[in-house]
Amino acid sequence: MRNIKGLALVTVVALTGLGGCQTATPYAPRTEAHSTGYSDKQLAENRYRVSFRGNSATTREEVEDYLLRRSAEVTLGAGYKWFVFDQRDTKKRTKYVTDFAGWPGWRGVGWYWHDWDYGTSTTTAYSSYTAYAEIVLLKDDQASREPRALNANDVLAHLGPLPAAKS
């Protein structure tokens with residue numbers, strides 16, 4: 001029984017350590033298999049909903065930059081050069097994870113059976129961000145009358161190349 005407890009403790013410590021090694025969300029489309037990344041949907045001829053969802057290792061600034069990048073790409077992909085944000089928001093989601101495994105004598109409660117003092121638990125907060133926007137694509141003459149208009153090529157040039165994927 002002692003070896004099983006020791007093995008379980010080593011497993012918990014290893015898994016906890018791996019959680020700290022998470023890398024930021026790569027710039028890629030959101031799929032059924034991956035709940036992070038970008039998505040976009042055409043709402044009208046010149047209006048799109050664009051979003052980017054990051055994981056807990058992705059900063060708010062990175063998420064908002066990726067939203068801006070995707071908005072520029074959607075604009076160019078649709079044959080336009082200019083866009084304006086009609087609506088934009090960034091939401092923060094925080095999850096709390098506690099390593100509390102139960103009270104002594106409560107066998108089967110928590111991760112595994114143990115003899116730990118119940119006062120040794122730790123709670124860790126993990127926050128992630130999702131940025132949303134509705135963009136309106138503009139023709140050159142419309143953009144000249146709209147002070148908030150962004151040139152998609154300029155946006156991409158200012159953001160620079162995407163960081164190299166970490167392996």
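What follows sets values from this structure against the definitions of the terms.

Q: What makes up the ground on which these values stand?
A: This is a predicted model, in which local features need pLDDT of at least 70 and side-chain atom pairs count only at pLDDT 80 or more, while totals for chains, interfaces and linings use all residues. Residues are numbered from 1 along each chain as its sequence is written, and side-chain values use heavy atoms, with hydrogens and water left out.

Q: Why is Y27 called buried?
A: Buried means under 20% relative accessible area, exposed means over 50%, and partly exposed lies in between, with a 1.4 Å probe and protein chains only. Y27 has 15% relative accessibility, so Y27 counts as buried; Y66, at 11%, therefore counts as buried too.

Q: Why is the pair of Y27 and Y66 called tilted?
A: Rings of Phe, Tyr and Trp (its six-membered ring) pair if their centres lie within 6.5 Å, and planes under 30 degrees apart count as stacked, over 60 as edge-to-face and the rest as tilted. For Y27 and Y66 the centres are 5.2 Å apart and the planes make 50 degrees, hence the pair is tilted.

Q: What does the pair of Y27 and Y66 tie together?
A: Y27 lies in the loop between α1 (2–19) and β1 (37–44) and Y66 lies in helix α2, so the pair joins parts that are 39 residues apart in sequence. Helices (H or I, at least four residues) and strands (E, at least two) are DSSP runs, numbered from the N terminus.

Q: How do you know that the charged end of R88 sits over the ring of F85?
A: The rule asks that NZ of Lys or CZ of Arg be within 6 Å of the ring centre and within 35 degrees of the ring normal. The charged end of R88 is 4.2 Å from the centre of the F85 ring and sits over that ring.

Q: How do you know that β2 and β4 pair?
A: Two strands pair if DSSP finds at least two bridges between them, and β2 and β4 have seven bridges in the antiparallel sense.

Q: Why are β1 and β5 called edge strands?
A: The open sheet has the order β1-β2-β4-β3-β5, and β1 and β5 (150–151) each pair on one side only.
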